[in-house]
Structures are given as structure tokens and as C-alpha cells.
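Colleague: I am new to this structure and would like to know what stands behind the terms used for it. Please take me through them one at a time.

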Amino acid sequence: NGVAARPHVAMLVTPGMGHLIPLAELAKRLARARHGGVTSTLITFASTASPTQREFLASLPSAIESVSLPPVDLSDLPSDAAIETRMSEECARSTPSLTALLSRLATTRRLVAFVADLFGADAFDAARDAGVARRCLFFPTNLHALTLLLHLPDLDATIPGEFRDLAEPVALPGCVPIPGKDILAPLQDKSKACYRWMVHHGEKYCDAETILVNSFDAVEPDAAAALRHPKPGRPPVFPIGPLIQTHEEDASVTTMPPSPRAACMDWLDRQPEKSVVFVSFGSGGALPTEHMRELALGLEMSGQRFLWVVRSPSDEDGEVNANYYDAETKKNPFGYLPEGFVERTKEVGLLVPSWAPQTKVLAHKATGGFLTHCGWNSVLESLVHGVPMVAWPLYAEQRQNAVMLTEGVGAAIRVPEAKGKEKIAVVVREVMVGEGRGAAVRDKVAELQKKALAGLRDGGAATSALDEVVAKWIGEEK
Ligand code: UDP
């Protein structure tokens, strides 16, 4: 009847490279799974059709197709609507077109499962309407954040007032206690639509049959143990990470010429081993002008070499995550740096506008530290490459990631809240070459790197967890 024999999975990618990259990695792992190779379709939103995203999608192996949903009208949302609200609305309003798309896909493919990511749980209704057998949530961040969202409907009912006003940190099973002000950014103002959306998602997650999480036991052991206990009404949770961006050559990719090696890689080749701190705030992060200037001076004072992905400041571009949808900086970012900085540091520093090949940079032997916004993909990429971190969180769940990394597992040192150049310099030096705290962080990260890689091997925890889920999807479970 024309339906392809290979099992196929549809994945809905809510906006942001931080969601697309790990889902594409999941699709790559499915394609080479021992079960004969599961193919995938990545379903994206029209609002994120940026050059960065298009190039990324075009570079994927042929087992992974992509299709964009038609645009939906969001013009009735207030102009200051939070990014979480926009993504959630866009997803919910796309349900009819998604149902139609999935129904169409099912006529030509053996569609065994539908996967939605953290803002996409409303799409489970579309999957159900289209008759897709299995619904799966892919949670691209960590077990701490998942625990919080799964508890959120309860917390909403029992905690009056704002999280930031709580006298005690929020303590959840297996989790490092999180001070209220560090709790997930969209939960910081309960009168906002984004807060209600997150509570809604927390409820909706229980509509999945399975939850896959891009994390691994060693980085948050107690949270993993707590979630491993089955709980009525909560889908089983499978840590399948760290899934990070990989760059193996793939003969099936013929649409793109090989991309030229980025100039920053040649620069790294000329630097001594483990001497460079890589500075990047993810796909959308930007700093206020004041912080950008302190960071520049702090890097200079630290005496360390640096490679910095610079975007124009957030007070110029609009807000802290202004670049989230397209990752392209809006203005010439170098004009906001302190006078003389570029000239003074030209022997030890390299500035790159907008975007760097981050995983390649982290894999380079010259890279010795990562000053990061603590986006979860960045954290995992750092751990996989054994790079210790300086934590400078900005938005989303980044502040609570910084808490779990510094006070929990000990893989990072956090820049103090008041972002002064001296303090920045001290923390950078500590992580790169410090004896006490810095050495402990470097040892811990080396240990986590080993454990992360072990989990991804055949028979490792992450691989076995994914195999178990796939076996269920394709009807091979015992
Ligand atoms: N990234 C990159 N180059 C950059 C900035 C980001 O390759 O200059 C990649 C990075 O490697 C990671 C993703 O974009 O895979 C960012 O995801 P993360 O979760 O760290 O942060 P988000 O962008 O969601 O805030």
C-alpha cells in the first residue's frame, strides 16, 4: 500500500537551536539504532526559518527529513509576551495543521511514534487525533528542571506568593535545593501568562507515555534515583543523554558543500594546550552593555587567553534573549567594547561575532575553560569534552542549572551576582589554573566526562535506555 517498511518517528521542534540540535541528535541515534534504523521527520515552525537553522537542517543525513508548519497568527499577543508564551501559543495554535501533517505522513510512512519537546506537549492531542500509536516527551534540559515542572501543578496549589520571596530554597526529591530567585525564569511572576503556561505543560507532560531526558545519572545522581522510582500517573523517565551535536562525515549529505574551517579554529591551533577560555552565551544570549564591558575588562585582567562569541548588548537589541529565534546579532557588537580593549588584547584574545562552531571549539586541545550561560546543551557539550565551567546564567532554567552545577555536582564556579571585572577575573583564573576550588572542579569534570562517554557506548546506560524505548515503539519488547 505504499507505506514504507522502516519505522518512522515524527518530532516537533519548538523554536530555538537549543531545541533543534538535541532532537536532531536523537534522530541520528535512532537512524543507527540496532533495530534496523528508525527514520525521522523534524517538524519545525515557520517563525524559526533562520539561515542558521536552514543550514543546520540541510546538513543532516538523509534518514532525517524536515518540514515546516505553516505560519500561525500571533499578532494578538502583547508585544512584551515572554518567549515561553510565544512558543506555547504557536504550538497550541498549530494543532490543526499538525494533525493534518501527521495524518498525511502516516499514509506514506510506518509512523510508530510522535515526539514533542518541552513546550510542545499540547501537540499530543494532534498525535492522538492523527492516530499515532505512541506519544513521547523529549525533555532537552535536565532532571532537576523536569522534576520542577512535574511538581509545578502541586507547587502552584500549595505555595502562595512568588518563589523569589520564599525564605527557604525550594527542595524537591533528589534535587539540590534551589533558592526562589534562581527558579526557572518564566515562573518568577505568577501573574504572567508564561507562568500559567508552564503549569499547564507540567500537567500535560503526564499525557506522554514515556519521557526521554537529555541528562545522565552522574551529573545529577539523586534526581535520577528519585525519578527512577515509578510513580502512579507519571510516565517512566529515561535519561538518554548526553546527546550533543556531532559532526561525523555522512556520505548521504550531498546538498551542501563541506563548510570551510572557521578561522577561529586556525587561531586555536596556534594557542598552547588548555590555555583558552571560550566565552559564549548560547544561541540567543546577550548581556547588558555594562556587563559586556566588565566582562571584557575581567577577561583582560584574568591574564588568560580567550575566544569570545560577541553579540551586541541586550539593552540595544531589546532583551536578554532577543536573538533566540535567529541567533544573528543585530548590530556591530564590537562597537560596545571598552575603548582600546581590542587593540590591547589582540595577542591573547579572539572575538567572533554571533556564532562559533561551539562543539569543535570545546573539543580543541587549546580550550581549557568555558564561561557559559549554562544553557543545558552548552553544559553537556562542556562535560563531554571535559571542559570546566564558569557559570554566568541569564534566562530560562540557566540560573537553576548554575546552582546544581556549582552547589550540586561541583562542575563549575559561578560569577558573583554583582558583575565586576575583578570578580570575573578571579573566577576565570580559578577555573583555568586555580589550585583549590578550581582544581576540584577540573577533576570533577574529568570524572563526569568519563561517565558521560561510558553511558553512550553500546550497552551503556543512555544507549540501553533508548534501545528499550525504541523496542517498545517498534513492537519488539519482550
Ligand atoms: N551554539 C553554537 N555556537 C554558538 C552558540 C551556540 O554552536 O556560537 C550551539 C551550542 O553548541 C549549543 C546550542 O547552540 O548546542 C545552544 O544551546 P544551549 O542549550 O546551550 O543554549 P540556548 O541557546 O538554548 O540558550
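Colleague: What makes β6 and β7 a pair?

Modeller: In this predicted model, three bridges join β6 to β7. Two strands pair if DSSP finds at least two bridges between them, so β6 and β7 count as a pair. The two run parallel, and Ile 211 stands opposite Val 237 in β7.

Colleague: How do you know that β5 and β6 pair?

Modeller: Four bridges join β5, residues 134-139, to β6, residues 210-213. The pairing rule asks for at least two, so β5 and β6 meet it. They too run parallel. Among the partners, Phe 139 is bridged to Val 213 in β6.

Colleague: What is the order of the strands in the sheet?

Modeller: The order is β3-β2-β1-β4-β5-β6-β7, seven strands in an open sheet with parallel pairing. From one strand to the next, the twist averages 25°.

Colleague: Why are β3 and β7 said to stand at the edges?

Modeller: β3 (64-68) and β7 (237-239) each have a single partner strand, so one side of each is left without a neighbour in the sheet.

Colleague: Which strands does α1 lie across?

Modeller: α1 lies across β1 (7-12), β2 (39-44), β3 and β5. Its direction makes an angle of about 165° with β2.

Colleague: Which residues touch the most other members of the largest nonpolar core?

Modeller: They are Met 11, Ile 211, Val 390 and Ala 391, in a core of 140 residues. The largest share of this core, nine residues, comes from α1.

Colleague: What is Val 390 in contact with, leaving aside its neighbours within four places in sequence?

Modeller: Val 390 is in contact with Gly 369, Leu 371, Ala 412, Ile 413, Val 415, Val 427, Val 428 and Val 431. Contact here means C-beta atoms within 7 Å, so each of these residues meets that limit with Val 390.

Colleague: Which residues come nearest to the ligand?

Modeller: Of the 21 residues around the ligand, Gly 18, Gly 282, Ser 283, Gly 375 and Ser 378 come nearest. Helices α1 (17-31), α13 (358-363) and α14 (376-384) each supply at least two residues of the shell. α14 gives the most, with four.

Colleague: How does the shell around the ligand divide by residue type?

Modeller: Seven of its residues are nonpolar, 13 polar and one charged.

Terms used: Residues are numbered from 1 along each chain as its sequence is written. This is a predicted model: local features need pLDDT of at least 70, side-chain atom pairs count only at pLDDT 80 or more; totals for chains, interfaces and linings use all residues. A residue is near a molecule or strand if its C-beta atom, placed from the backbone, lies within 6 Å of it. Ala, Val, Leu, Ile, Met, Phe, Trp, Tyr, Cys and Pro count as nonpolar, Asp, Glu, Lys and Arg as charged, and the others, Gly among them, as polar. Axes are lines fitted to C-alpha atoms, for helices over the stretch in contact, and angles run from 0 to 180 degrees between N-to-C directions. Two residues are in contact if their C-beta atoms, placed from the backbone, lie within 7 Å. A nonpolar core is a set of buried Ala, Val, Leu, Ile, Met, Phe, Trp, Tyr and Cys residues joined through C-beta atoms within 7 Å. A residue is buried if 20 or more other C-beta atoms lie within 10 Å of its own, exposed if 12 or fewer, and partly exposed in between; C-beta atoms are placed from the backbone.
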